[in-house]
Amino acid sequence: MERVSGLLSWTLSSVLWLSGFSERGAARQPGIMEEKALEIYDLIRTIRDPEKPNTLEELEVVTESCVEVQEINEEDYLVIIKFTPTVPHCSLATLIGLCLRVKLQRCLPFKHKLEIYISEGTHSTEEDINKQINDKERVAAAMENPNLREIVEQCVLEPD
């Protein structure tokens, strides 16, 4: 009888875990989101600053903690990036946001919705810039400009 009870308990626990209703399933979920966030960070950390010879990681414009991933459903994820410009009046913050968007749109291997923001309180016009870098039409128009596109391409180019 004890063996049957143990088997039944194991079976029920496995079914709950596989369906995501148990704590084991819940504990597994943050690990997957954390793994995806690190994967995203690995993609964006090597983006070059438009003005300096440094990467966004070296300038601490992006850090591991600036990437958040949330599950929308089984196949779709919400990716939120909050970057910090080097100075509160950085004239290239919009361009940095554009580089982040272009790199992730090209390289992310899973379906996603992407939101990119300037970290709150770190830029004098953060609200306006946030609107620009999250507006698909503005992003598309920016990428039609050959000079701007060339700068973005140089910034997102993978180092050798």
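**Salt bridges, cysteines and a helix crossing**

By salt bridge I mean a side-chain nitrogen of Lys or Arg within 4 Å of a carboxyl oxygen of Asp or Glu. K111 sits in strand β3 (residues 111-118) and D76 in strand β2 (residues 76-83), so this pair ties together parts that are 35 residues apart in sequence. Helices (H or I, at least four residues) and strands (E, at least two) are DSSP runs, numbered from the N terminus.

A quick word on the source: this is a predicted model, where local features need pLDDT of at least 70 and side-chain atom pairs count only at pLDDT 80 or more, while totals for chains, interfaces and linings use all residues. Residues are numbered from 1 along each chain as its sequence is written, and side-chain values use heavy atoms, with hydrogens and water left out.

How many salt bridges does the structure hold? There are seven. One of them pairs K103 with E158, at 2.1 Å from N to O. This pair links distant parts of the chain, with K103 in helix α3 (residues 93-107) and E158 in the segment after α6 (146-156), 55 residues apart. K103 is buried, at 2% relative accessible area, whereas E158 is partly exposed at 44%. Here buried means under 20% relative accessible area, exposed over 50%, and partly exposed in between, using a 1.4 Å probe and protein chains only.

K113 also forms a salt bridge, with E115, and their closest N and O atoms are 3.2 Å apart. Then there is a network: D42, R45 and E57 are joined by salt bridges that share partners.

Now to the helices. The axes of α3 and α6 come within 10 Å and cross at roughly 65 degrees; axes are lines fitted to C-alpha atoms, for helices over the stretch in contact, and angles run from 0 to 180 degrees between N-to-C directions. The two helices are therefore roughly perpendicular, a word used for 65 to 115 degrees, with under 35 roughly parallel, over 145 roughly antiparallel and the rest oblique. Contact, meaning heavy atoms within 4.5 Å, involves residues including L98, C99 and K103 of α3 and I151, V152 and C155 of α6.

And the cysteines? The whole structure has zero disulfides, a disulfide being a pair of cysteine sulfur atoms within 2.5 Å. For C99, the nearest cysteine sulfur is that of C155, 4.0 Å away. C99 is buried, at 1% relative accessible area.
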